Amino acid sequence: MTKEIVITSVKNAYGVKVKRCCASCGHKCIEKDGTRVCAQMMIKVQQKFKCKQWQMKDGLKNAGKGGGVVRLKGTAEIIIQ
C-alpha cells in the first residue's frame, strides 16, 4: 500500500498559485550532487517534502507582479528609428 502525498497550494500577494513543497521553499539548498537539503532542519529531503517551517521563496513572492524585462542572449541588433 503506497502512501499518497497531498500537496497543498497557497496564493501569493498577486494571486499566483504556489505549491507548498520543498521545491518552492526559501530554506531549500541544493548540494553539488543535486540532493536537496533543508537549511532550517539540516536534513536531506525529497522534492515533494513539506514541513511546518515552509516559507515561500522570494522569487515566488513576486510572481505575477509584472515589470519583467526580456533580454536577448548573445549580440542583439540595434534598430534606430
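Two strands are taken to pair if DSSP finds at least two bridges between them, the strands (E, at least two residues) and helices (H or I, at least four) being DSSP runs numbered from the N terminus. On this basis, S4 and S5 run antiparallel and are joined by 3 bridges, and arginine 36 has valine 45, in S5, as its bridge partner. The model is a predicted one, in which local features need pLDDT of at least 70 and side-chain atom pairs count only at pLDDT 80 or more, whereas totals for chains, interfaces and linings use all residues. Residues are numbered from 1 along each chain as its sequence is written, and side-chain values use heavy atoms, with hydrogens and water left out.

The chain comprises 5 strands and 1 helix, arranged from the N terminus as β-β-β-β-β-α.

Methionine 41 lies in the loop between strand S4 (36-38) and strand S5 (43-45). With a relative accessible area of 30%, methionine 41 is partly exposed, a class that falls between buried (under 20%) and exposed (over 50%), as computed with a 1.4 Å probe and protein chains only. In the chain of 81 residues, buried residues make up 17%.

Among contacts (heavy atoms within 4.5 Å) between residues at least 6 apart in sequence, 52% join residues at least 24 apart.
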